[in-house]
Amino acid sequence: MAASSLVSTLAPRLLRPAQTCSLRRGPFHLSAVRNEAVVISGKKLAQRIKQEVQQEVDEWVASGNRRPHLSVVLVGENPASHSYILNKTRAAADVGINSETIVKPASVSEEELLNLIHKLNNDDNVDGLLVQLPLPEHIDERKICNAVSPEKDVDGFHVINVGRMCLDQYSMLPATPWGVWEIIKRTGIPTLGKNVVVAGRSKNVGMPIAMLLHTDGAHERPGGIPNLITADMIKEGAAVIDVGINRIQDPITAKPKLVGDVDFEGVRKKAGYITPVPGGVGPMTVAMLMKNTIIAAKKVLRLEERDVLKPKELGVATN
């Protein structure tokens, strides 16, 4: 999946200077001093969301419904993809959702993959379905994403779900953009009337974030750039949500490490809020996938019932 970063540029008066006031420590904040940004713990936010999902799953099953089931398709031996899938299946187990991982070799044909998706679409025991990206070059990712049934599309990548999101209609929201949106909302960061910059306009992350925030980007880039966003690019007190994922070699240990698109140490001294990498948006992405899976399970209703029930009663996501 292409990585991008979101920088929500907020008013300088969001936080008063440290000489006159210090920040109140909140449950998801790792910093309380104004001369550095409040570090938002995506891990703690994700844990609360997973607790909400677990309660929802328990109530759903207690009402006599089948336990939700998530099917994950993994193609090839990409180490990052295997790590992401492990995180997702572990999270599913944590919240009481059954899951399975179907592994296919990198040599699998597009036709064979489409046939597998068709089979899972027609399996009434499968509520949520995702195909881990990226896929091998000989496979058309857009065709694969559009092959997944919109009602089971927990990644929110199907063209119908993307279109519904753009029109503010109920849809499966893409997990990473939804996670970013929940970080903003649950942290209490104001966005109304603010200038928001989305650095990177990838189809699966940057563009949906822009749509959720009712703003637009100006360009697209294929991947993340370590330390792209520096302190001189942001306003004092800005909120910085870093969605970049870059593997670099640690200059001290010479071991691989994950970093975002933001110069974390430099920007935290000027920003009001900032998310770390890892431990920021990543856990939220997994948590929102769990939410989408229980949403998918609840939508297994007859069409006439779905027309009568309100979106809130079905538990579907709205912008």
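Predicted model: local features only at pLDDT ≥ 70, side-chain atom pairs only at ≥ 80, totals over all residues.
Two residues are in contact here when they have heavy atoms within 4.5 Å of each other.

**Helix packing**

With that definition, the meeting of helices α1 and α9 can be listed. On the α1 side are Gly42, Lys43, Leu45, Ala46, Ile49, Lys50, Glu52, Val53, Glu56, Val57 and Trp60. On the α9 side are Pro283, Met284, Ala287, Met288, Met290, Lys291, Ile294, Ala297 and Lys298. Sorted by class, the contact of α1 with α9 has 13 nonpolar, 1 polar and 6 charged residues.

Helix α1 spans residues 42-62 and helix α9 spans residues 281-298; their axes come within 8 Å and cross at roughly 15°. Because angles under 35 degrees count as roughly parallel, α1 is roughly parallel to α9. The crossing of these two helices is left-handed.

Helix α1 also packs against helix α2, which covers residues 79-95. Here the axes are 8 Å apart and the angle is about 55°, so α1 and α2 are oblique to each other. From α1, the contact uses Lys50, Val53, Gln54 and Val57. From α2, it uses Ala91, Asp94 and Val95. The classes in the contact of α1 with α2 are 4 nonpolar, 1 polar and 2 charged residues.

Helix α9 has a further contact, with helix α6 (residues 175-187). The axes of α6 and α9 come within 8 Å and cross at roughly 110°. The two helices are therefore roughly perpendicular to each other. Helix α6 contributes Ala175, Thr176, Trp178, Gly179, Val180, Glu182, Ile183 and Arg186. Helix α9 contributes Val281, Met284, Thr285, Met288, Leu289, Lys291, Asn292 and Ile295. This contact of α6 with α9 divides into 9 nonpolar, 4 polar and 3 charged residues.

The crossing angles are collected below.

| Helix pair | Crossing angle |
|---|---|
| α1 and α9 | roughly 15° |
| α1 and α2 | about 55° |
| α6 and α9 | roughly 110° |

**The largest cavity**

The structure holds 1 cavity of 30 Å³ or more. About 70 Å³ of space lies in the largest cavity. Its lining is made by Leu129, Leu130, Val131, Ile144, Cys145, Val148, Asp153, Asp155, Phe157 and His158. Two elements give two or more residues to this lining: β5 (128-131) and α4 (141-147). Strand β5 gives the most, with 3 residues. By class, the lining of the largest cavity has 7 nonpolar, 1 polar and 2 charged residues.

**Backbone features**

Most residues other than glycine have a negative phi, and most peptide bonds are trans. The features below depart from this pattern.

The peptide bond from Leu133 to Pro134 is cis, and its omega is near 5°. Pro134 sits in the loop between β5 and α4, the two elements that give two or more residues to the lining of the largest cavity.

Pro278 is found in the loop between β10 (273-274) and α9. Helix α9 is also the helix that meets α1 and α6.

Asn227 is not a glycine, yet its phi is positive, near 60°. Asn227 lies in the loop between α7 (206-212) and β7 (239-241).

Key: Residues numbered from 1 in each chain as written. Heavy atoms only, no water. Axes fitted to C-alpha atoms, helices over the stretch in contact; angles between N-to-C directions. Helix = DSSP H or I, 4+ residues; strand = E, 2+ residues; numbered from the N terminus. Parallel < 35°, antiparallel > 145°, perpendicular 65-115°, else oblique. Left-handed = near helix turned anticlockwise from the far one by under 90°. Nonpolar A, V, L, I, M, F, W, Y, C, P; charged D, E, K, R; others polar. 1 Å grid on protein atoms, 1.4 Å probe; cavity = no way out; pocket = protein on both sides within 12 Å on 5 of 7 lines; lining within 4 Å. Points joined across faces, edges and corners; volume = space filled by probe spheres on them.
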